[in-house]
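Subject: Structure for you to look at

Hello,

I am passing on the structure we talked about. Please open it first, then read my notes below with it on the screen.

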Amino acid sequence: MRGGLHGTAEQPAEPSVTETRDESSSPPELQTSVTGRRVAATRRWVLRFQRLIVVLLLCGTVGIVLLSVSTGPISVSLFDAGRLVLGHLIPGVPWMSDGTYTGLEDQAVWQFRLPRVLLALLGGAGLALAGALMQAVVRNPLAEPYLLGVSSGAGLGAVVVISFGSAVVGGLSISLAAFLGALVATGAVFLCARQDGVVIPTRLILAGVALGSLLSAFTSFLTLTGDAHQVFSVMFFLLGSLSAASFGQLALPAIVLAAVLVFAMFNARGLNALMAGDETATALGVNVHTLRLGSLGLAALLTASVVAVCGGIGFVGLIIPHTARLLVGSDHRSMIPVAVLGGALFLAVADLAARTVAAPTEVPIGIFTAAIGAPFFLWLLRPGRTRGGLAGLLRRHRETSA
Amino acid sequence: MSARIYRAPEGLQFDGITVERGRRKLVTDADFTAPAGQVTALVGPNGSGKSTLLKTAYRLVRPDFGTVRLDGEDLWQMPRRQAARQIAVMAQESQTVVDSAGMGQSVLDIVLMARSVHHSGFSPDTDADLSTVVNSLETVQAGHLADRGFTELSGGEKQRVLLARALAQGAGTLLLDEPTNHLDIAFQMELLHIVRELGLTAIVALHDLNLALAYCDYAAVLSSGRLIDHGPVNQVLTEAQVRTAFGVRASTMTLSGGQQTRLAFQRLEH
């Protein structure tokens, strides 16, 4: 017993070799024992299933980008929209200079619709990733990116600029004021949540709720005592909108998203351990305090960078990570890529709906994230559905073969 | 890997461990060695510092004074992951935390997690990992639970799975903090039997002194944070020592065969 257990434990990791290994060279336990055979056989299906999900999400994302750039008051076909985008990316293609497309068409596709759909992708991916990190490190399924007062801080920052003009805050734009408001609010929540120099998850949740309410009270007061026409722009910011998207706004969320994604993937195993408890994670060699603080700080920064340009889009950061878990299981190594791609696709779909359903009037996107997201999530939660991931497939495999 | 001089395993050594919380001392100058390859019972009344002492060995609580050494090496001087490869833990919190988080981890997720001490970052699980996990689950007779959700399991099944996770870590030393909580008597004995059969260095914090007598080789008794005795289990868990540590009267019984002893307890009348 001891030999078998520890003989395998000492082997070095061989991540690249395993997938191409055939049955004959895999350890005997995976062939001789009932459990081993079942686990090994279904793992192949799991890897295929996860790949399929990722490929489908990637195709969906490309599809929604094309659909978004071609849809709008100036009609451009899918093919022409694709050619216009390619024309900007590849220098010297003939159709850009031979008068095939009018300046108006070019402007609609390249200057308005493309940055908008890209911002939707970045925002959705960012909120989903931030939500996944928050849920893991505070171990609470209700955790979401706005847990740390990011949205209420951003909201107050934006409302101050809208109500008093940018002069009072030293000429800051609405986005920059929102970004700074978010960071200040998050910092305050962090300070309140510390005990003996360590951030306590339950204190964090309570401090976030309390400070969020306080800031929202200020925001409501400023909104209702201000000019009537400002109420509309404030509501639009608080509910979220991508209508002001431009290429210039993409840089900050893109850079932060990339950095946080690298961090999250590199710490995926640590996040798994953290979900099982601080003691367990410590026993597995995870530096719990550092990982929690890093994840919270980066998630807050990512959320702030998204909220500053998109407003407080709700629901994405709460629902998409759970959806990813239901689809591929709770292991962060497979769940994070699915959540990021799923969030991107979801917000792009919601934004397309927001600007087409009541055209030419634009509906705040937050209404659509909830209206599309909630029924979809409830459908995923329907009774009798088996779990996702390795275990879910294992169970289905057993049930069908029995 | 650097060349290492072969050293006979020395076990897990607590050397003058003192843990303070504010002005209160949770553990005072604890000094003993859990012998290599043997099962050591850590006993004592509630709040006597059993968990705290174990936590100094899995690096959750840094001792204010003293060192914890594994086979002569200071555990707090080595990198976290290196320590985690050598010491596996079945902690008290594990069940409740997973239940309340509600993230839907499966039994496989829970046990596979242990393998992360041998990998870094994003790397996928290898066949060796899976077979270790399968092995561990079968060692605790929980192979059939592999595809279940952790929260669906009964208390006893959860403890099996958590033991399997500790085994899957592949460490030579095992720390168990009251592993028999919420278990029926049959599985209490089953679990300690499994631990004993592994032949690893193990420290088990226990409330049931008779389980300690039945399944442990060695015992250490804590009272109010002080180590009052340690040694072979039969010599430590005596009527006199139980009276000192727990304030109850104990009578020794010899089981048929004459090899094993058990204790019966009575309230001490003042």
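B:Arg148 is partly exposed, with a relative accessible area of 22%. The cut-off for buried is under 20%, so at 22% B:Arg148 does not count as buried. To find B:Arg148, look in the loop of chain B that runs between α5 (127-139) and α6 (155-168). B:Gln105 lies 43 residues away from B:Arg148 along the chain, and the C-alpha atoms of the two are separated by 9.0 Å. Please keep in mind that this is a predicted model, and that the values here are computed from it.

Among the buried residues of α6(B) are B:Lys158, B:Arg160 and B:Arg165, along with B:Val161, B:Leu162 and B:Leu163. Just after α6(B), B:Gly170 takes a positive phi of about 75°.

Some totals for chain B:
- Its secondary structure comes to 10 helices and 12 strands.
- Of its 270 residues, 59% are buried.
- Its accessible surface comes to about 11100 Å², and carbon and sulfur atoms account for 46% of that.
- For contacts between residues at least 6 apart in sequence, 62% join residues at least 24 apart.

Now chain A. Its secondary structure comes to 18 helices and two strands. Chain A has 402 residues, of which 53% count as buried. The accessible surface of chain A is about 17300 Å², with 70% belonging to carbon and sulfur atoms. Among its contacts between residues at least 6 apart in sequence, 73% join residues at least 24 apart.

One helix to look at in chain A is α15 (residues 316-328). This helix has 13 residues and reaches 18 Å from its first C-alpha to its last, close to the 18 Å expected at 1.5 Å a residue. Since 12 of the 13 residues of α15(A) are buried, this helix is largely enclosed by the rest of the structure. The buried residues include A:Ile319, A:His322, A:Thr323, A:Arg325 and A:Leu326. Just after α15(A) comes A:Gly329, with a positive phi of about 95°.

Which residues does A:Phe377 touch, not counting those up to four places away in sequence? They are A:Ile319, A:His322, A:Thr323 and A:Leu326, and these four are among the buried residues of α15(A). A:Phe377 itself is found in helix α17 (residues 365-380) of chain A. A:Phe377 is buried, with a relative accessible area of 13%. A:Phe377 and A:Thr323 are 54 residues apart along the chain, yet their C-alpha atoms are separated by 6.8 Å.

The last item is a helix pair in chain A. Helix α4 (residues 34-70) and helix α5 (residues 78-89) pack at an angle of about 100°, with their axes 8 Å apart. That angle makes α4(A) roughly perpendicular to α5(A). On the α4(A) side the contact is made by A:Leu66, A:Leu67, A:Val69 and A:Ser70, and on the α5(A) side by A:Leu78, A:Ala81 and A:Gly82. Sorted by type, the residues of this contact are five nonpolar, two polar and no charged.

Regards

Technical notes
Residues numbered from 1 in each chain as written. Chains lettered and ligands numbered in written order. Predicted model: local features only at pLDDT ≥ 70, side-chain atom pairs only at ≥ 80, totals over all residues. Heavy atoms only, no water. Buried < 20%, exposed > 50% of the residue type's maximum accessible area, 1.4 Å probe, protein only. Contact = heavy atoms within 4.5 Å. Areas by Shrake-Rupley, 256 points an atom, 1.4 Å probe, with all protein chains shown as cover. Axes fitted to C-alpha atoms, helices over the stretch in contact; angles between N-to-C directions. Parallel < 35°, antiparallel > 145°, perpendicular 65-115°, else oblique. Nonpolar A, V, L, I, M, F, W, Y, C, P; charged D, E, K, R; others polar. Expected span 1.5 Å × (residues − 1).
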